[in-house]
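Hello,

Here is the structure I promised to pass on to you. Please open it beside this message, and my notes will follow below.

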Amino acid sequence: MKVIGHRGAAGSAPENTLISFAKGLEYGVDGFEFDVQLSKDGEVVVCHDERVNRTSNGMGWIKDLTLRELKNLDFGSWFAKLPIFQEIPTLRELLDMFEGINLELNVEIKSGLVQYPGIGEKVVSLLAKYNRLDNSIISSFDHQLLYDLKQHYPLVITGILYDCAPITPWLYAKFLKAQYLHPSWYFVTPELVTASADFGIGINTWTVNSFFAAKKVKMAQVSRIITDYPQCFRKGDNGETIWLE
Ligand code: G3P
Ligand code: MG
């Protein structure tokens, strides 16, 4: 079971900022999950919300702000534990930071409230440029986007995000030619993992932030857990991942 830092290490530092990813590296994560959107001038930026209001000192929609305008905002100081100015990272900057580091990436493309033309293609071309396509998963709640991306780029690895209990989701994943299902941890069962494995589909689950959740998904034998608290997990002597209270 691999441990993937959610939005960097969102429990310890302002989510989706460079210090959050630095914290995750310090904690020895196997990889990172982070969210991407498009600025007004078409740059892929790392941010969870479609608006900057919650996680910065500014207001407005990312789609209406240029990269320069976004870069003037502080995405760090809202996080009480670490009052420090943090710029919004671009995907390029994040990939620069990870250059030469053996890490899995899970790029979650935000698409729904706002639909960003060409965002999937931009993400794929950046991952390819940095030689990261082979060990990156592109996930989204927008399954049409994942389906279309797979039609154009068959080598891209995709993960289907969901927060409900569909019937036979492994058949759906197969139809979408996805390699992974990404359910929230509530909906992980041993049967889901076993039946999906029979179809060659792995299970990566989020956001595993408690001992209870960790125990549940570990028993089900998921492939990856995505957590705000990667420091709470350690590899045991026999190589298995354990939660440290
Ligand atoms: O990718 C896992 C998780 O991040 C999905 O939900 O809203 O936290 O981006 P959200
Ligand atoms: Mg996310």
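Some ground rules come before the details. This is a predicted model, in which local features need pLDDT of at least 70 and side-chain atom pairs count only at pLDDT 80 or more, while totals for chains, interfaces and linings use all residues. Residues are numbered from 1 along each chain as its sequence is written, chains are lettered from A and ligands numbered from 1 in the order in which they are written, and side-chain values use heavy atoms, with hydrogens and water left out.

Let me start with the ligand. Around ligand 1 you will find His6, Arg7, Glu33, Asp35, His48, Glu108, Lys110, Phe141, Leu161 and Trp206, each with a heavy atom within 4 Å of it. Sorted by class, this shell holds three nonpolar, two polar and five charged residues (Ala, Val, Leu, Ile, Met, Phe, Trp, Tyr, Cys and Pro count as nonpolar, Asp, Glu, Lys and Arg as charged, and the others, Gly among them, as polar).

There are polar contacts here too (pairs of N or O atoms within 3.5 Å). His6 places a polar side-chain atom 2.7 Å from an oxygen atom of ligand 1. For Glu33, the distance from a side-chain N or O atom to a ligand oxygen is 2.8 Å, and for Asp35 it is 3.1 Å. On its own, ligand 1 exposes 290 Å², and the protein buries 90% of that (Shrake-Rupley areas with a 1.4 Å probe).

Next come the strands (DSSP runs of E, at least two residues; helices are runs of H or I, at least four, and both are numbered from the N terminus). Strand β7, residues 180-183, is covered on both faces: Tyr180 and His182 on one side, and Leu181 and Pro183 on the other, are all buried (under 20% relative accessible area, with exposed over 50% and partly exposed in between, using a 1.4 Å probe and protein chains only).

Strand β6 (residues 157-162) runs parallel to β7, joined by four bridges; pairing takes at least two DSSP bridges. Here Gly159 stands opposite Tyr180. Two bridges link β7 to β8 (residues 202-205), also in parallel, and there Tyr180 faces Gly202.

Finally, where does Lys63 sit? Lys63 lies in the loop between β3 (44-46) and α2 (67-71). Lys63 counts as partly exposed because its relative accessibility is 36%.

Best wishes

Technical notes. A polar contact is a pair of N or O atoms within 3.5 Å; within protein, one must be able to donate a hydrogen and the other to accept it, and residues adjacent in sequence count only if both atoms are side-chain atoms.
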